[in-house]
Amino acid sequence: MKPAILAAALLAAAFIVPAGAQAPPEAEQCATCHGAEGRSETPNVPSLAGMPAEFITLQMILFREGLRDAPPMPQFAQGLSDAQIEQIAAFYASLPPGPAPDRGPRDAALAERGAALSARMHCGVCHLPDFRGRAQMPRLAGQREDFLAQTLKEYRDNRRVGTDTQMNAVMYGVSDADIAALAHFLAQRD
């Protein structure tokens with residue numbers, strides 16, 4: 001990643017529109033996949049409601065600049081100004097988080113295993129103990145389980161990188177079964 005672009009993205013993320021903003025016109029197309037209330041009903045597509053605005057801003061800038069590829073997001077981000085991206089981010093950050101409308105039932109044993117793994121892997125250090133996320137760390141609580149599992153596998157397999165490689169290191173060598181337990185535990189958190 002080019003240091004100048006990363007620095008610009010982080011700087012833009014620091015100037016977020018206040019929470020409670022109205023949905024900007026650019027956010028209309030976001031609802032198709034991410035849900036009208038920011039809670040995705042689309043498999044493997046993240047919910048954005050309650051996500052830290054700085055995280056959304058950074059990801060959108062990475063999409064726009066071609067530094068992150070997750071079709072169709074780079075195409076949607078093309079041509080958006082920093083101000084438009086910040087408005088979209090503030091809008092989704094202002095929405096109340098909640099589980100995906102199609103979240104499955106809680107499996108107590110799987111959730112307990114995921115909780116133990118999360119504690120051992122120190123997930124609550126960066127994402128906070130209640131997993132609400134902060135700054136450039138995404139909200140994990142109540143996220144789509146399928147999206148979490150997919151993303152964690154991508155980090156483990158070095159198919160996804162963030163602004164640093166910390167998640168790749170954390171996920172190195174984690175089994176599919178452990179990823180499933182972590183994803184279930186986090187998705188079942190409110």
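Which are the buried residues of helix 3? Before I answer, a word on the basis: this is a predicted model, in which local features need pLDDT of at least 70 and side-chain atom pairs count only at pLDDT 80 or more, while totals for chains, interfaces and linings use all residues. Residues are numbered from 1 along each chain as its sequence is written, and side-chain values use heavy atoms, with hydrogens and water left out.

The buried residues of helix 3 are A53, F55, I56, T57, L58, Q59, M60, I61, L62, F63 and R64, where buried means under 20% relative accessible area, exposed over 50%, and partly exposed in between, with a 1.4 Å probe and protein chains only. Helices here are DSSP runs of H or I with at least four residues, numbered from the N terminus. With 11 of its 12 residues buried, helix 3 is mostly covered, and after it comes G66, whose phi is positive, near 75°.

Beyond its neighbours within four places in sequence, S40 is in contact (heavy atoms within 4.5 Å) with residues including C33, H34, A100, D102 and R144.

Turning to the cysteines, the count comes to 0 disulfides, a disulfide being a pair of cysteine sulfur atoms within 2.5 Å. The sulfur of C30 lies 9.0 Å from the closest cysteine sulfur, that of C33, and is therefore too far for a bond; C126, partly exposed at 23%, has its closest cysteine sulfur in C123, at 8.9 Å, again too far.

Definitions and conventions. Helices (H or I, at least four residues) and strands (E, at least two) are DSSP runs, numbered from the N terminus.
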